[in-house]
Amino acid sequence: MRPVWRVADVRAAEAGLMATLPPGALMQRAAAGLARRCALLLADRGGVYGARVLLLVGSGDNGGDALFAGASLSRRGAAVAALLLTPERAHAAGLAALRAAGGRVVDRPPAGVDLVLDGIVGIGGAGGLRETADQLAASLTERRGRDGTRATVVAVDVPSGVAVDTGHVPLTDAGRPRAVRADVTVAFGALKPALVVGPAATLAGQIDLVDIGLTPWLRGSPALRVTEWSDVAGWWPVLGAASEKYSRGVVGVATGSATYPGAAVLSVGGALAGPTGLVRYAGGARAEVVRQHPSVIATDRVADAGRVQAWVCGSGLGTGDESAAELRAVLAAPVPVVLDADALTLLVDGKLADRLRGRDAPIVVTPHDREYARLCGEMPGEDRVAAALRLAAWMNAVVLLKGDRTIVGTPDGRAYVNPTGTPALATGGTGDVLAGMLGSLLAAGLPPERAAAAAAYLHGLAGREAARGGPVTAPDVAAALRPVLARLG
């Protein structure tokens, strides 16, 4: 997993590293990596020589990074212009280097630009861009390069205007982000939360992490971690010669009803795609489940289902007394459980809170934002990581807070973010598939936080796979899970 660090931790690490280096050496490292990435981008647009580069330069070190990188590009033959937003506070050494390399200072953006370097505000910024900078950022889409296409926008460390520790992005009255929208963000030394969570993550574009020697100086615990394919592959259960259906794990699925049989079919489909050897279904959609999934052992009630290693409960279950009784039976089992959809509503009604407090086996809850609000009395807000962790601590459960960048929070304060999310999954029933696969992973023996992180990651990949064929439905996602999981061997 890739660690993600808060601003305070990055600042402390930079201070420790700089104490061991000659003055200015750390900025030179950052600027060299930034210039290298810009040169590669310009190579795809006709080369560095003759390219037109615009530097948007704020005060402080972020502007200095942009100026030194601009000087490097100017020495390679690029026509580099710097627009200083606060001329009296521009980085003096960086500005001198740019001028010595042939770069120039301008008072308005040139019409023709191949690449824009966003050095307005770094990790010390907060509250969105001020009016002048915001208008400038909004105009970047109007810039065109030598080939007639839109200028490539590269952010220095983070897109200017985002809240670095939370990923929040303030909006204008018209609903436009008060921040730079980058095609590429060149991050120095460490990932920051705004690059991977919240609305800011969509403004960062492609992330290029430049090693400036910071890693040994980063202390304590990261703010969160980003799940990667290698993590999921390493966690995935490996079959052996002695494997059989029971040793692989049995997952119970208590979802759906006569009114909502599709929820049962979809959640069972997600469970069947996972690593377990057997799925037991209990509920009012028994006939439809068996018709579409004949390998499933189906009963009408949880009490009659037989032994399982994990339960999935909630999707399409309903919220009446019979549904509450089924949820009680699931919570009475001494195995991990996934609570989704209607199961969360039953918890909010207060009928089952006592069952959670006295439970020893793990619980994973999977709310989207509106379900989170019903559980907590308020929406997740600007800091989705903190929101997931608050709910996890309060419920003593692993929380999978669904969204474009799904967050997994644990009761002991660890957080994970999923990078594979896609808007294609914003359609009815896809969460049922996710819950089923998550239950399968729990039944196969994965710890709840790993099961949740892996399920979110693979579910996102399946959504992307399904979207290749056009508009996505939940059955498409369930079907796409199989080729995705086939890559795991």
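**Exercise 1. Find Thr185 and decide whether it is buried or exposed.**

Start with the strand: Thr185 sits in β7, residues 184-188. Helices (H or I, at least four residues) and strands (E, at least two) are DSSP runs numbered from the N terminus. Next, take the accessibility: Thr185 has a relative accessible area of 0%, so it is buried. Here buried means under 20% relative accessible area, exposed over 50% and partly exposed in between, with a 1.4 Å probe and protein chains only. Finally, list the partners: leaving aside neighbours within four places in sequence, Thr185 is in contact with residues including Ala155, Asp157, Val158, Leu195 and Asp208. Contact means heavy atoms within 4.5 Å.

A word on the model before you go on: it is predicted, local features need pLDDT of at least 70, side-chain atom pairs count only at pLDDT 80 or more, and totals for chains, interfaces and linings use all residues. Residues are numbered from 1 along each chain as its sequence is written, and side-chain values use heavy atoms, with hydrogens and water left out.

**Exercise 2. Describe the setting of Val121.**

Then classify it: Val121 counts as partly exposed because its relative accessibility is 26%. Now look for contacts beyond four places in sequence, and you will find Asn62, Leu129, Val158 and Ser160. To finish, compare Val121 with Val184: they are 63 residues apart in sequence and 16 Å apart in space, C-alpha to C-alpha.

**Exercise 3. Work out the strand order of the open sheet with 11 strands.**

Read across the sheet: the order is β1-β9-β18-β17-β16-β15-β14-β13-β10-β11-β12, with mixed pairing. Two strands pair if DSSP finds at least two bridges between them. At the edges, β1 (2-4) and β12 (297-299) each pair on one side only. Then zoom in on β15 (residues 363-365) and β16 (residues 398-401), which run parallel and are joined by two bridges. There, Val364 stands opposite Val398 in β16.
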